[in-house]
Amino acid sequence: MAVCVVESPLGFTKIVGTEDGISSISILNSEEKITDIIPLELEDCVHQLHDYFEGKRTQFDIKLNPEGTDFQKKVWNELQTIPYGKTCSYLELSQQLGDIKAIRAVANANGRNPLWIVIPCHRVIGSDGSLTGYAGGLYRKQWLLEHESPYIQQRLFE
């Protein structure tokens, strides 16, 4: 199992994987030592994340190997169909999966997504347009959505 820690605009990011694919990308809430030499198995992931943050990439094409239940994997696969710069609600996601009654299970699977950014759980919002829970913190979710937005939003207050 290869592990590395890299810095991103949103904090320290831990990447875990093997030659079978990336199993985990997570944002850390504490400062960590940056990995000096990126393991070969993780190099492509690190480069693609860097390109994403630089605005040079809107889709990822790295080999993924997340651990989860069949249902969770079904939800994570559906999350990957949400286009860059777009959002959908938990209700819409449940409908796309064929069962609007599964909205809580869908939200739970979304919250257990082990592949931060690459499986874009940040693109799922409340039916009323609100930024609902996000494991990395709502300020990070807002940052990611603004980063992906095709519109430049000016802020009145900083």
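Residues are numbered from 1 along each chain as its sequence is written. Because the model is predicted, local features need pLDDT of at least 70 and side-chain atom pairs count only at pLDDT 80 or more, while totals for chains, interfaces and linings use all residues; side-chain values use heavy atoms, with hydrogens and water left out. The protein chain is divided into domain 1 (2–54) and domain 2 (70–148), and an open sheet of three strands has the order E1-E2-E3. UniProt places an "active site" feature, from an unreviewed entry, at Cys121.

**Domains and annotation**

- The bounds of domain 1 (2–54) and domain 2 (70–148) come from an automatic or database domain assignment.
- The centres of domain 1 and domain 2, taken over C-alpha atoms, are separated by 21 Å.
- The contact between them takes 15 residues from domain 1 and 13 residues from domain 2, where contact means heavy atoms within 4.5 Å.
- The UniProt record, an unreviewed entry, places "domain: Methylguanine DNA methyltransferase ribonuclease-like" at residues 6–65.
- UniProt positions are in the numbering used here, feature names are shortened, and annotations may be inferred rather than shown by experiment.
- Over residues 6–65, the end C-alpha atoms lie 20 Å apart, and the span is 23% helix and 30% strand.
- Helices (H or I, at least four residues) and strands (E, at least two) are DSSP runs, numbered from the N terminus.

**The three-stranded sheet**

- The open sheet with the order E1-E2-E3 has antiparallel pairing; two strands pair if DSSP finds at least two bridges between them.
- Strand E1 (2–8) and strand E3 (21–27) are the edge strands, and each pairs on one side only.
- Neighbouring strands of this sheet are turned by 20° against each other on average, direction ignored; axes are lines fitted to C-alpha atoms, for helices over the stretch in contact, and angles run from 0 to 180 degrees between N-to-C directions.
- E1 and E2 pair in the antiparallel sense over seven bridges and form a hairpin with two residues between them.
- Bridge partners in E3 include Ile22 for Gly17 and Ser26 for Lys14.
- E2 is largely enclosed by the rest of the structure, because seven of its eight residues are buried; buried means under 20% relative accessible area, exposed over 50%, and partly exposed in between (1.4 Å probe, protein chains only).

**Ser26 in E3**

- Ser26 lies in strand E3 and is partly exposed, with a relative accessible area of 25%.
- Leaving aside neighbours within four places in sequence, Ser26 is in contact with Phe12, Thr13, Lys14 and Trp116.
- The C-alpha atoms of Ser26 and Val16, which are 10 residues apart along the chain, are separated by 8.8 Å.

**Cys4 and Cys45**

- The structure holds zero disulfides, a disulfide being a pair of cysteine sulfur atoms within 2.5 Å.
- Cys4 is in no disulfide, and its nearest cysteine sulfur, that of Cys45, is 7.3 Å away.
- Cys45 likewise is in no disulfide, with the sulfur of Cys4 as its nearest cysteine sulfur at 7.3 Å.
- Cys4 counts as buried at 1% relative accessibility, and Cys45 is buried with a relative accessible area of 2%.

**The loop between H4 and E5**

- Ile117 is placed in the loop between helix H4 (103–111) and strand E5 (124–125).
- Phi of Ile117 is near 70°, a positive value in a residue other than glycine.
- Most residues other than glycine have a negative phi.
- Ile117 is buried, with a relative accessible area of 1%.
- Cys121, the position of the "active site" feature in the unreviewed UniProt entry, also sits in the loop between H4 and E5.
- At 9% relative accessibility, Cys121 counts as buried.
- Not counting residues up to four places away in sequence, Cys121 touches Leu79, Asn110, Asn113 and Tyr134.
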